[in-house]
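These are my notebook entries on a structure that I looked up.

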Amino acid sequence: MLTIKLPQIFRVHQVPRIFWEDGIMSGYRHPKSSALDCVLSSFQMTNETVNIWTHFLPTWYFVWRFLVLSSSLDFCREPHHWPLLIYLLLVCPYPFASSCAHTFSSMSALYSLGCAFAYGAYAMPDHWLSGVLHRYFVPVAAFNSFVCTGLSCYSRFPELERPQLSKALRMAAFMYPFLYDNIPLFYRLLFCFWSSCAWNEAVAGYCYHLLFALLTGFLFASHLPERLAPGRFDYIGHSHQLFHICAMLGTHFQLEAPNQGLGPPNPRPKPRPVSQQVQHSYPGDPCLSVCLCVIVTAQQG
Ligand SMILES: [Zn+2]
């Protein structure tokens, strides 16, 4: 009879210090696991199992939303929907890439680039359209993805000698693209808050997204709750799992917001000719943006 031997699980002091996580005392996989062991470990309880599944399952939810939206929106002929299409094409693989990263231990920056496409097209304040920030928004976001992926990788080097610096670098690699991508949104929310503009469901959706994004940042930085009770949340409930769940909920609200018919706080100007709509939907040079996007995506693979 075929028997499958599940990989051995280790306690914190049995793995090299570089793999230690704050407040996580057990459930570690072997640092040099084979690919098969990595796959098998996703079906046994380790401190990575919930991390893997909390991104693997939402992948299929987003793929399903993509298919539903594809049947109701004309992605081929309606240029206004192209940024949403690119956002979906980048957002669907991002939880999958993260799930693989947790299975095989590496990283991804697709999500931030997807956000830049969506916000560059749907969240830009009207009077910023065709301005310098609008034109270079996505190319700069693609450049940020390169820099932050490098920074995130580099942050592993000083981990033993200077753990605080290593953490600060990783935090910067995570926070900087988030803050950059959200510039139009911050502006719109502030603008909406201080003026008498109409409150619509799309803005509410983006507010929920921001709330969950701030929560993910807090969980990432604080390592709560496991820091308060080391060993209690090794398998279920540690900060990285909560981080994943908040990130997925945030992405859900972000994905749904443009579908609520997001308009700027003030009424949109009269419809523009199609050629101008394309220009406005794609901040920056479309070819350059898509090329950079493909390069970044390829780099992640
Ligand atoms: Zn993760």
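**Salt bridges**

I began with Asp 22, which counts as partly exposed because its relative accessibility is 36%; buried means under 20% relative accessible area, exposed over 50%, and partly exposed in between (1.4 Å probe, protein chains only). I note that this is a predicted model, in which local features need pLDDT of at least 70, side-chain atom pairs count only at pLDDT 80 or more, and totals for chains, interfaces and linings use all residues. Residues are numbered from 1 along each chain as its sequence is written, and side-chain values use heavy atoms, with hydrogens and water left out.

I then asked how many salt bridges a search of the whole structure finds. The search finds 3, a salt bridge being a side-chain nitrogen of Lys or Arg within 4 Å of a carboxyl oxygen of Asp or Glu.

I found Asp 22 joined to Arg 227 by a salt bridge with an N to O distance of 2.7 Å. This pair links distant parts of the chain, 205 residues apart: Asp 22 is in the segment before helix 1 (35–41), and Arg 227 is in the loop between helix 9 (201–222) and helix 10 (239–256). Helices are DSSP runs (H or I, at least four residues), as are strands (E, at least two), numbered from the N terminus. Arg 227 is partly exposed, at a relative accessible area of 44%.

I next recorded the salt bridge between Arg 65 and Glu 256, also listed at 2.7 Å, N to O. Arg 65 lies in helix 2 (residues 49–72) and Glu 256 in helix 10, so the pair ties together parts 191 residues apart in sequence. Both residues are buried.

I recorded Asp 74 and Arg 77 as a salt bridge at 3.4 Å, N to O. Asp 74 is partly exposed at 33%, whereas Arg 77 is exposed at 69%.

**Helix 3 against helix 4**

I looked up how helix 3 (residues 82–91) and helix 4 (residues 93–104) are placed: their axes come within 5 Å and cross at roughly 15°. Axes are lines fitted to C-alpha atoms, for helices over the stretch in contact, and angles run from 0 to 180 degrees between N-to-C directions.

I listed Leu 88, Leu 89, Leu 90 and Val 91 of helix 3 in the contact, with Pro 93, Tyr 94 and Pro 95 of helix 4; contact means heavy atoms within 4.5 Å. Tyr 94 is buried at 11% relative accessibility.

**Annotated histidines**

I checked which residues UniProt lists as "binding site" (unreviewed entry): His 102, His 240 and His 244. UniProt positions are in the numbering used here, feature names are shortened, and annotations may be inferred rather than shown by experiment. The three are spread over 143 residues of sequence, yet they cluster in space, with a largest C-alpha distance of 11.3 Å.

I placed His 102 in helix 4, where it is buried at 13%. Beyond four places in sequence, His 102 touches Arg 29, Glu 48, Asn 51, Ile 52, His 240 and His 244. I placed His 244 in helix 10 and noted that it is buried at 1%.
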